[in-house]
Each structure stands twice: as structure tokens, then as C-alpha cells.
Amino acid sequence: MTANDLKISVLGAGSWGTALAALLASKGYDVTVWAYEDEVCRQINEDSENTIYLPGFKLPENLKSTNSVEEAIISSQLILSVMPSHVVRGVLSGVSSLITPEQIFVSATKGIEIDTLMTNSQIVEEVLPGKIADGAAYLSGPSFAREVAGQLPTAVTVASKYKNIALKVQEIFSTSYFRVYSSDDIIGLEIGGSIKNVIALGAGISDGLGFGYNARAALITRGLSEMTRLGIALGAKASTFSGLSGMGDLVLTCTGDLSRNRSVGIKIGEGEKIDEILSDMNMVAEGVKTAKAAYLLAEKLGIDMPICESIYKILYEDMEPKEAVSSLMARDLKEETN
């Protein structure tokens, strides 16, 4: 199948959805992005821009938008879902009857559903017909949308149960600046992509409190341990967390100035309240919702995740950040790799 033959629909016109849609369109694919907001749809179609979520970038002329998710899905051979995690179930449930086994389904959503404690792939398996869900692929890794839109070098991972599907998606998405690796560890990729946002909130809080690089390095490293413990408990491979969708994404989100989750954490550390911070944002900081889901999931499975627990208490129980740090530092001394 040549680029001119492949029609792609992108569900979600946020910064990441728009950046990936632009990447695919720049390869010559016929791309339609579903936008929830009328204004975003209008801007993409009339001005070839998305100034609300990805300002400053001219989009390819062959990238079009629609407000009809049904229209986008019906006309495509590949469906790329880039929706916030809390709307995935609702949207996919409404269109599941339109998706056929002949279509490739790829998800680039990160997060854990609070009500069910399901990862995105588990939601897809529950909502979409069996053959479609079974053959789905999942994309994750250290990738700020603005850098991908600016065609700066980026490397990510795509995971699928089936090697031929992972290799096909790898081929479709890879460019001279966007390198895609393949994997079969879907749950590991998802846990890495979800928990890193929670740890990034903690890194931001630490920076906002003025605690310095030592504290940030400790948070990243011990956060990786928490991520790995949870992933292994859910059936993931330990080696996945030393890769792009684990350590790679964690380092980027905890240190990069473009990280929404780190930015939210910085404001919390500086004394702002989470409700006020979120009310001023037009984009989603997935870590805020995932912090609650991660806390509940760790509690359910009996997994020790003290950093995630502390961030949950700061966000949802009004624990003072300095109190949370004191609590973490006062924990019983342990072997590092235990």
C-alpha cells in the first residue's frame, strides 16, 4: 500500500494528535483529524493551523478536519486514537460498530481509567470487537508534540501482540526525524507512559519547592522503581522500563520545560492550588487523573508506591508538599534493589 492509497483518521486534535496527524500527512497519507471543537476544525480546514493546541506550526494542506467522528472512521484504513484517557471509553463505545477488522487501530493515549483502573488497551479490549482489539497497536515514548511538529529527532516505541502489525505501524509512522522501535509488551509500554506523568508532577513539585537537582534525580530513579514494580505485577517485562517508553519518557517528562505535568507540579510547589492551576489550562495534564488511578491500583494490588501515594495525597487530600517530602524521607531505611 502506497502513501497515496492509505487513508488515516486521527481521533483527537489536541497538541499530540495534531502533531502526529501532521507527521503522517507530511508523508503523503490522506489524513483526517476528528476535532471536538468547532473552532479547531475550522482553523485546520481554512487556515492549516491549530492555534488553540499547537500554535506556531503550519499544517500540511492534505491534512483535513471534521467534527464528525463517524465520518473520520468510515473513510479510513488506519485509525489513530489520541484522545485524553478519560474520554476514550465514551467515544469508542459510540463508534465501535463502525470499526472493521480490516482497519488498523493504533492508540497513542496515555493514562489509567479511574473508575475501572484499566489501562487504555484493557478499555479497547472491552469496548471494541474482539478481532479489532486483539490486533491493536500502542504508541508511546519520549515525544513532546511541539518538537515532533518541528521535525526534531524523536524516538518512540510501538507495541502489539502481533509482530507483523507492529512492523507495519513502525513503517507507516517512521520518518527521517521520527524513529519507531517495535515491542510486544503492551502493558509495560502503557504503565510507563502513564506513571511517568505522575512522577513528573512530583519532579515539578520538587523544583517548585527549590529542592535542586539531587532531589529531582532521586525522584526520577525511585519513580522508575515504582513504575517497574507496578508493571511487573500487571505482567509487563522489567526490561521495557529501561527503554524509551519507560526511562526515556520518564526523564523527558520530569526534566523538560515543555512538560505540562512538570509545569503543574512546579506551580503546586510554589503554593498554587490544583483547582486554580487546572482552570487556567486548555490542555490536559494526564498525571492529575492518573495519580488517583495509580494510587488506587497500587492499593488494590498491594504494591509499594510511596511517591505516587504522596502525590495523590497532595492533589486529593490537601497534604502540604513539604509534609509529603518529610514523610518520604522519614520512611524506614531499605536496600535499594529490594
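The following legends describe close-up views of a predicted model.

Residues are numbered from 1 along each chain as its sequence is written, and side-chain values use heavy atoms, with hydrogens and water left out. Because the model is predicted, local features need pLDDT of at least 70 and side-chain atom pairs count only at pLDDT 80 or more, whereas totals for chains, interfaces and linings use all residues.

**View 1. Eight strands form an open, mixed sheet.** The strands follow the order E3-E2-E1-E4-E5-E6-E7-E8. Helices (H or I, at least four residues) and strands (E, at least two) are DSSP runs, numbered from the N terminus; two strands pair if DSSP finds at least two bridges between them. At the edges are strand E3 (63-66) and strand E8 (178-183), each of which pairs on one side only. From one strand to the next, the twist averages 25°. Axes are lines fitted to C-alpha atoms, for helices over the stretch in contact, and angles run from 0 to 180 degrees between N-to-C directions.

**View 2. Strand E7 and strand E8 pair in the parallel sense.** Strand E7 comprises residues 154-160, and six bridges join E7 to E8. Opposite Phe178 in E8 stands Thr154. Strands of a sheet pair through backbone hydrogen bonds, either parallel or antiparallel.

**View 3. Helix H8 packs on the sheet, and helix H11 lies across E6, E7 and E8.** Helix H8 (residues 163-173) touches strand E1 (7-11), strand E4 (78-81), strand E5 (104-107), strand E6 (137-140), E7 and E8; contact means heavy atoms within 4.5 Å. The direction of H8 makes about 175° with that of E8. Helix H11 (residues 244-255) runs at about 145° to E7.

**View 4. The largest nonpolar core has 42 residues.** Such a core is a set of buried Ala, Val, Leu, Ile, Met, Phe, Trp, Tyr and Cys residues joined through side-chain atoms within 4.5 Å. Buried means under 20% relative accessible area, exposed over 50%, and partly exposed in between (1.4 Å probe, protein chains only). Ile8, Trp16, Leu24, Val31, Leu80, Phe173 and Phe178 touch the most other members. Helix H1 (residues 15-26) gives the most to this core, with eight residues. Beyond its neighbours within four places in sequence, Phe173 is in contact with Leu23, Leu24, Lys27, Leu80, Leu139, Phe178 and Val180. Another core, of 41 residues, lies apart from the largest one and includes Ala291, Ala298, Ile311 and Met319.

**View 5. Cys254 and Cys308 are too far apart for a bond.** The closest cysteine sulfur to that of Cys254 belongs to Cys308, 10 Å away. Cys254 is buried, with a relative accessible area of 0%, and Cys308 also counts as buried at 0%. The structure holds zero disulfides, a disulfide being a pair of cysteine sulfur atoms within 2.5 Å.

**View 6. Tyr295, Tyr312 and Tyr316 form one aromatic cluster.** Rings of Phe, Tyr and Trp (its six-membered ring) pair if their centres lie within 6.5 Å; planes under 30 degrees apart count as stacked, over 60 as edge-to-face and the rest as tilted. The whole structure contains two aromatic pairs. The rings of Tyr295 and Tyr312 are stacked, because their centres are 4.0 Å apart and their planes are at 5°. This pair links helix H14 (residues 286-301), which holds Tyr295, to helix H15 (residues 306-316), which holds Tyr312, across 17 residues. Tyr312 and Tyr316 are also stacked, with centres 5.3 Å apart and planes at 25°. Both lie in helix H15, four residues apart, about one turn of the helix. Tyr312 is buried at 10% relative accessible area, whereas Tyr316 is partly exposed at 34%.
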